[in-house]
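Dear colleague,

I am handing over the structure below, and after it I set out what was found. Please read the notes with the coordinates open beside them.

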Amino acid sequence: MLTLGMMRLLFKTSVKLRSIKGICIVSKGYITIAINSRNEDYIRAAYALALSLKATQKKVNALTVVVEDRNAVDERYRQAFDKVVVLPSKNLAVNSTWKVENYYQLYDASPYDETVTVDADTLFVSDISDWWDEMGKYDIDITSKIYNYKNEIIKENCFRKDFYKVGLPDIHNGFLYFKKGRLAHTLFKQIEKYAVEWKTITKRIYGSENIHYSSDNALNIAVQELGIISECIHSDVIPTFVHMKTLLQGWENAEDKDWRKYINYEFDENMGLKIGGYTIKIPFHYHIREFISDELLEKYECFLEKSQCL
């Protein structure tokens with residue numbers, strides 16, 4: 001187990017906007033929301049996410065975590081985060097289980113010029129530094145294709161049947177890049193409007209007020225109604241991620257939410273990940289919070305300690 005002193009040394013990195021001899025360097029980083037619920041410790045998940053970024057990313061590995069209460073962040077976790085930011089506006093997810101109603105606040109909360117939003121229950125298991133150059137060509141770049149653990153495109157998402165019925169695009173905020181500016185500001189303000197007026201929006205779009213709020217749903221509606229699909233989707237290749245929900249893996253008669261009951265997985269000495277013998281090469285949305293065991297956290301901490309000593 002790392003001491004706090006060791007962790008401060010290991011994690012003393014951040015990407016900031018600065019000027020060196022008149023040259024302006026753009027700040028880049030990742031951001032996630034981590035608001036704990038009664039049954040879910042998202043701050044702990046965000047800590048694992050931060051460790052995975054430090055372990056695998058050669059260039060951009062800074063993670064800002066957005067919380068409701070700064071004091072809820074354990075000092076052990078705090079050292080891994082670039083910044084801990086309190087929600088800029090009112091918490092709209094007080095009575096929510098998923099805690100996703102505050103997604104729109106990531107625009108104002110981000111300290112970076114270029115930001116990628118990721119779910120807290122995600123791990124980075126290989127270096128994707130080269131993605132930033134490609135994404136940086138655009139103001140917004142949103143995931144339009146997701147993959148299963150076999151690196152196969154998930155062509156139809158059984159959780160999005162309502163999307164397909166009303167002709168919404170099939171995009172995901174599990175990995176979403178944006179530059180601070182007019183287009184991204186407009187998009188996030190639109191998502192805010194939907195978070196506040198969700199029942200009215202779903203009545204108009206779906207003909208029902210009984211549609212559970214999801215930030216993905218709000219994103220899809222916003223992109224379509226703003227008419228900016230072509231400004232947000234640029235490639236089927238990147239950005240993307242593995243979505244590990246059981247029903248998206250193509251398994252027969254597999255209904256338990258815990259995908260670990262159906263397949264083996266292992267981390268190698270460099271914190272790379274194999275699922276059922278398949279090497280995961282892109283961000284991994286593991287979905288099952290129990291995936292982050294104490295043993296896995298310790299393995300990340302030990303790996304980072306050894307890496308700093310090389």
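In what follows, a residue is called buried when its relative accessible area is under 20%, exposed when it is over 50%, and partly exposed in between, with a 1.4 Å probe and protein chains only. By that criterion Trp-131 and Phe-175 are both buried. This is a predicted model, in which local features need pLDDT of at least 70 and side-chain atom pairs count only at pLDDT 80 or more, while totals for chains, interfaces and linings use all residues. Residues are numbered from 1 along each chain as its sequence is written, and side-chain values use heavy atoms, with hydrogens and water left out.

Aromatic pairs

Rings of Phe, Tyr and Trp (for Trp, the six-membered ring) are paired if their centres lie within 6.5 Å, and a pair is stacked with planes under 30 degrees apart, edge-to-face with planes over 60 degrees apart, and tilted for the rest. On this basis the whole structure holds 23 aromatic pairs. One of these, Trp-131 with Phe-175, is edge-to-face, with 5.4 Å from centre to centre and 70° between the planes. The pair joins distant parts of the chain, since Trp-131 belongs to helix α5 (residues 131-135) and Phe-175 to strand β9 (residues 172-179), 44 residues apart. Helices here are DSSP runs of H or I with at least four residues, strands are runs of E with at least two, and both are numbered from the N terminus. Elsewhere, ring pairs link Trp-259, Tyr-265, Phe-267, Phe-284, Tyr-286, Phe-291 and Tyr-300 into a cluster.

Helix packing around α9

Axes are lines fitted to C-alpha atoms, for helices over the stretch in contact, and angles between N-to-C directions run from 0 to 180 degrees. The axes of α7 (residues 182-196) and α9 (residues 215-226) come within 9 Å and cross at roughly 120°. That makes α7 oblique to α9, where under 35 degrees is roughly parallel, over 145 roughly antiparallel, 65 to 115 roughly perpendicular and the rest oblique. Contact means heavy atoms within 4.5 Å, and from α7 the residues Thr-186, Leu-187, Gln-190, Ile-191 and Tyr-194 meet residues of α9 that include Ala-218, Ile-221 and Leu-226.

Helix α8 (residues 198-206) also approaches α9, their axes coming within 12 Å and crossing at roughly 65°. Here Trp-198, Ile-201, Arg-204, Ile-205 and Tyr-206 of α8 meet Asn-217, Ala-218, Ile-221 and Glu-225 of α9.

Backbone details

Most residues other than glycine have a negative phi, and most peptide bonds are trans. The peptide bond from Ile-238 to Pro-239, however, is cis, with omega near -5°, and Pro-239 sits in the loop between α10 (229-232) and β10 (242-243). Met-271, which is not a glycine, has a positive phi near 65°; this residue lies in the loop between β11 (265-267) and β12 (273-275) and, at 1% relative accessibility, counts as buried. His-287, likewise not a glycine, has a positive phi of about 75° and is placed in the loop between β14 (284-285) and α11 (294-309).

Finally, Val-26 lies in the loop between β2 (23-25) and β3 (28-33) and counts as partly exposed at 37% relative accessibility. Val-26 and Glu-114 are 88 residues apart in sequence, yet their C-alpha atoms are 7.5 Å apart in space.
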